[in-house]
Structures are given as structure tokens and as C-alpha cells.
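Hello,

Here is the structure I promised to hand over. Please look it through first; my notes on what I found follow below.

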Amino acid sequence: MNLPCQRDKFEIPEAITYLDCAYMSPLPRKTILAGRVGLQKKAQPWTITGDDFFDLSERLRAQMAELTHAKAGDFALVPSVSYGMAVIAKNLELPEGSKVLILDRQFPSNVYPWRDLATRTGAEIIHISPEAGHSWTEAVLAAIDGETALLALPQVHWIEGAELDLIAIGKKARANGALLVLDLTQSLGAVPFSVTAVDPDYFVVANYKWLLGPYSTGFLYAAPRHQSGQPLEQCWQSRFGSENFAELTQYTDQLAAGARRYDMGERSNFALLPAVEASLAQLLEWGVENIEHSLRNITDQLASIAAKHGLQPDMASPRAANYLSLKVPTDAPSDILQQARAAGLYFSHRGDRLRITPHLWVNQQDLHRFDQTLGNIF
Ligand SMILES: Cc1ncc(COP(=O)(O)O)c(C=O)c1O
């Protein structure tokens with residue numbers, strides 16, 4: 001279903017055309033309200049209850065489970081992708097001489113932990129890039145063999161907006177005994193994802209882009225077969241029985257059930273978690289299939305406008321619905337972003353590409369401003 005324009009749910013002035021969700025989403029009005037109520041609680045700490053410490057984080061896990069067809073207990077609360085990947089890396093042993101596959105120009109939070117792990121274990125990092133005319137999925141599938149120990153991938157390439165077929169990749173990874181670790185930061189909330197279909201070993205997501213949530217919050221998914229590992233921090237809240245504040249010094253080595261054992265310290269953030277909950281509730285109400293369908297419609301329109309001005313995606317992979325990534329022409333001016341911003345138009349410049357990433361706030365005036373501004377610049 002195509003969703004109508006949702007601009008009234010955001011605080012975006014009419015003079016701004018914001019096409020930069022892959023950089024940072026604006027918070028919906030309801031999310032800001034929930035965050036204010038949460039922050040206010042710390043002004044009156046006697047209003048902070050067990051619900052804030054425990055029930056709220058359980059509700060967030062349940063929302064993530066609904067979004068990805070997983071179980072609530074499969075999720076840990078983490079502050080960033082880097083943190084989630086560090087938990088995963090701590091729990092992995094790779095055979096010496098085995099291969100770790102990553103994409104060329106992958107986001108650093110899904111590269112540095114594997115470089116470190118490879119140094120520790122003697123594994124080798126392989127950067128994959130497709131040959132001309134071939135897709136990222138074809139390149140990844142061709143690279144998997146019996147020596148592959150780990151694939152650390154996104155669902156959508158953060159610069160190009162190419163979408164990978166994770167079902168096919170997951171299947172071949174399992175057939176070769178390789179682990180599949182995903183960074184879903186540039187897709188979850190905008191592109192459907194199901195753990196039952198893909199069966200990853202782990203995934204991590206930062207909330208502040210397509211989950212429309214606050215900065216410094218995110219989730220780590222650990223498949224049930226990876227829920228007996230070690231956390232990064234020895235925090236009291238992720239120990240068994242920590243709900244009973246009176247008995248916290250009855251120290252225990254038993255960790256909380258499921259992926260909760262991997263939670264970060266002070267995970268019960270009274271200001272930020274209510275905001276995360278409000279944003280996830282909004283996404284679930286819209287429905288990710290509907291969001292994807294509507295974003296496809298918007299990026300298709302933006303693509304037609306860009307083509308009029310000589311700008312093309314120029315890639316062989318399928319384009320994710322939430323992305324339009326345009327090759328910068330060789331004769332383009334050097335101040336593209338400054339010129340666009342002066343006209344109220346916001347997008348990113350990454351490598352040799354302009355990254356155009358809208359959401360449901362885009363209206364007709366935005367399409368018009370995009371057209372006019374590209375016409376003036378190119
Ligand atoms: C693909 C991807 N992963 C992760 C992040 C953020 O990583 P972290 O939470 O470690 O700061 C970004 C931010 O741009 C990103 O594009």
C-alpha cells in the first residue's frame with residue numbers, strides 16, 4: 001500500500017527539503033514528546049519505577065521481534081554498531097588462514113572489528129567488489145567457498161544503495177559452514193527483513209537512521225545458537241535475578257536469559273528508551289512493506305528528475321527502495337553540497353556519489369525544489 005505523505009508527523013519547515021535519512025533521520029514529533037517525558041523523570045527520580053528499569057527494555061525487544069520475525073529474547077540493547085560488533089567479535093574464533101568476506105567500501109563499524117579479529121586469529125580479510133555488469137550479490141556468492149569462515153555484510157550498501165539478496169547469501173554461507181553477521185543500519189525499518197528467511201548468526205542496527213530513533217541506541221540480534229556467549233561488560237542488570245534490588249550482593253555467575261546477557265551497562269536509559277519505543281511503534285503502525293513501497297515510489301520520482309539533469313545511479317545491482325545514489329559527473333562543480341544547502345536541499349556526498357535518501361515526509365514541493373536545484377547546479 002502506498003502511504004500518504006507523513007510530513008505533519010515531523011518538525012520539518014516547508015523551506016527544507018531533507019533527503020538525508022541515511023545520514024540522520026529527524027525524530028517524529030511523538031518521539032520527541034516521549035523523550036521529553038522520559039528526561040523529565042530524572043528531575044523527579046521518585047517517579048522512576050521498575051518499569052523503567054526492566055519492562056520498557058522488554059517492550060523494545062518485543063517490538064524488534066515483531067519487526068524482524070524473531071523472539072524478544074534474541075535482542076540485546078547496545079549503544080552503537082561498533083559496540084554490537086565488538087560483542088560478536090569477542091565471541092568468535094576463526095581458524096587460522098580462513099577468510100572473512102566484506103564488501104569494498106563497507107562502513108567502518110563493520111570492518112575494524114574484523115581486521116582486529118583477523119590479526120588475532122590469523123584469518124584473512126577479503127574485500128569483494130563486483131565485476132562490471134555484475135551485482136554485489138553475484139560477487140558475494142562467487143566468493144564463498146570452503147575456506148570462508150565469516151561473511152560480515154550489510155543488506156544495503158551504505159554509499160551505493162545496492163540491495164543484497166541475503167536469503168541466497170545466507171543459504172550458501174550455511175552450506176559452506178560460514179557465519180553470517182549483518183549490519184542492518186541502512187535498511188531496517190525501510191526494507192523488510194526476516195530472521196526466519198535469512199537466518200543470520202547475528203545482526204546489529206543503529207536506531208538513528210531508518211528506525212527514526214535517537215542517537216546512541218541500537219540493537220544486537222543473536223540467533224538462539226549464539227546465546228551462551230560472554231558480554232562485553234560485566235554489568236549487574238544482565239545477571240540473573242537483578243530485578244531484586246535488595247539482593248544484588250547475592251553475586252551470581254548466572255547471566256540473564258537469551259541475548260539479554262549482551263546488554264550494555266546502564267541500558268535502562270530513561271530519556272532515550274521511551275523515544276525508541278515511540279519510533280518503533282510508528283514504524284510498526286505504518287508497516288515496513290508499506291514504507292518500502294512508498295519509498296520506492298518517492299525514489300523512482302527523484303530518479304526520473306535526476307535523469308533529466310544527466311545524473312544516473314549507474315550500477316548493476318538492484319537499487320534498494322530507500323536509496324537513490326547518483327554518480328557525480330566528472331565536470332560537476334566542487335561545491336555541490338553548499339549550492340544545494342543554500343537552496344534548502346539536503347543530501348550527502350560520499351566518495352564519487354550523491355546519496356539521496358528520503359522518507360515519508362517528502363511532498364510535492366520537495367520534488368519541485370529537487371528539480372529546480374539540480375537544474376541550477378548541473
Ligand atoms: C552502514 C552503517 N553502519 C553503522 C553506522 C553507525 O555506526 P556506529 O553505530 O558504530 O557509529 C553507520 C553510520 O553512518 C552506517 O552507515
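Buried residues make up 43% of the 378 residues in the protein chain. Buried here means that 20 or more other C-beta atoms lie within 10 Å of the residue's own; exposed means 12 or fewer, partly exposed is in between, and C-beta atoms are placed from the backbone. Bear in mind that this is a predicted model: local features need pLDDT of at least 70, side-chain atom pairs count only at pLDDT 80 or more, and totals for chains, interfaces and linings use all residues. Residues are numbered from 1 along each chain as its sequence is written.

Overall form

The chain has 11 helices and 12 strands. These are DSSP runs numbered from the N terminus: helices are H or I with at least four residues, strands are E with at least two. The radius of gyration is 22 Å, close to the 21 Å that the globule rule gives for 378 residues, so the chain is as compact as a globular protein of that length. That radius is taken over C-alpha atoms, and the rule is 2.2 Å times the number of residues to the power 0.38. Along its principal axes the C-alpha trace spans about 70 × 55 × 35 Å. Take the contacts with a separation of 6 or more: 74% of them join residues 24 or more positions apart. A contact means two C-beta atoms, placed from the backbone, within 7 Å.

Domains

There are two parts: domain 1 (7-19 + 287-377) and domain 2 (31-285). The bounds come from an automatic or database domain assignment. The C-alpha centres of domain 1 and domain 2 lie 28 Å apart. Across the boundary, 20 residues of domain 1 are in contact with 21 residues of domain 2. On the domain 1 side, the elements that give two or more residues are α9 (288-308), β9 (324-327) and β12 (353-356). α9 gives the most, with 5 residues. By class, that side has 10 nonpolar, 4 polar and 6 charged residues. Nonpolar covers Ala, Val, Leu, Ile, Met, Phe, Trp, Tyr, Cys and Pro; charged covers Asp, Glu, Lys and Arg; the others, Gly among them, are polar.

Core

The largest nonpolar core has 103 residues, and A76, V100, L150, L151, F219 and L220 touch the most other members. Both domain 1 and domain 2 give residues to this core, so it lies between them. A core is a set of buried Ala, Val, Leu, Ile, Met, Phe, Trp, Tyr and Cys residues joined through C-beta atoms within 7 Å. Leaving aside neighbours within four places in sequence, L220 is in contact with F75, A76, V78, G84, V87, Y202, V204, A259 and Y262.

Helix α3 (residues 81-90) is mostly covered, with 8 of its 10 residues buried. They are V81, Y83, G84, M85, A86, V87, I88 and A89. These pack against β2 (75-78), α4 (112-121), β6 (179-183), β7 (202-206) and β8 (218-222).

Ligand

Which residues surround the ligand? They are S80, V81, S82, F107, S109, P154, W158, D183, T185, Q186 and A206. The cut-off is a C-beta atom, placed from the backbone, within 6 Å of the molecule. By class, the shell has 5 nonpolar, 5 polar and 1 charged residues.

Single residues

A22 sits in the loop between β1 and α1 (29-41). A22 counts as buried, with 27 C-beta neighbours inside 10 Å. Its C-alpha is 5.9 Å from that of T357, 335 residues away along the chain. Beyond four places in sequence, the contacts of A22 are W158, Q186, K209, Y323, S348, R355 and T357.

R7 lies in the segment before β1 (17-18). R7 is partly exposed, with 16 other C-beta atoms within 10 Å. R7 and V362 are 355 residues apart in sequence, yet 6.8 Å apart C-alpha to C-alpha.

Two residues other than glycine have positive phi values. For L212, in the loop between β7 and β8, phi is near 55°. L212 is buried, with 26 other C-beta atoms within 10 Å. For D314, in the loop between α9 and β9, phi is near 50°. D314 is exposed, with 11 other C-beta atoms within 10 Å.

Best wishes
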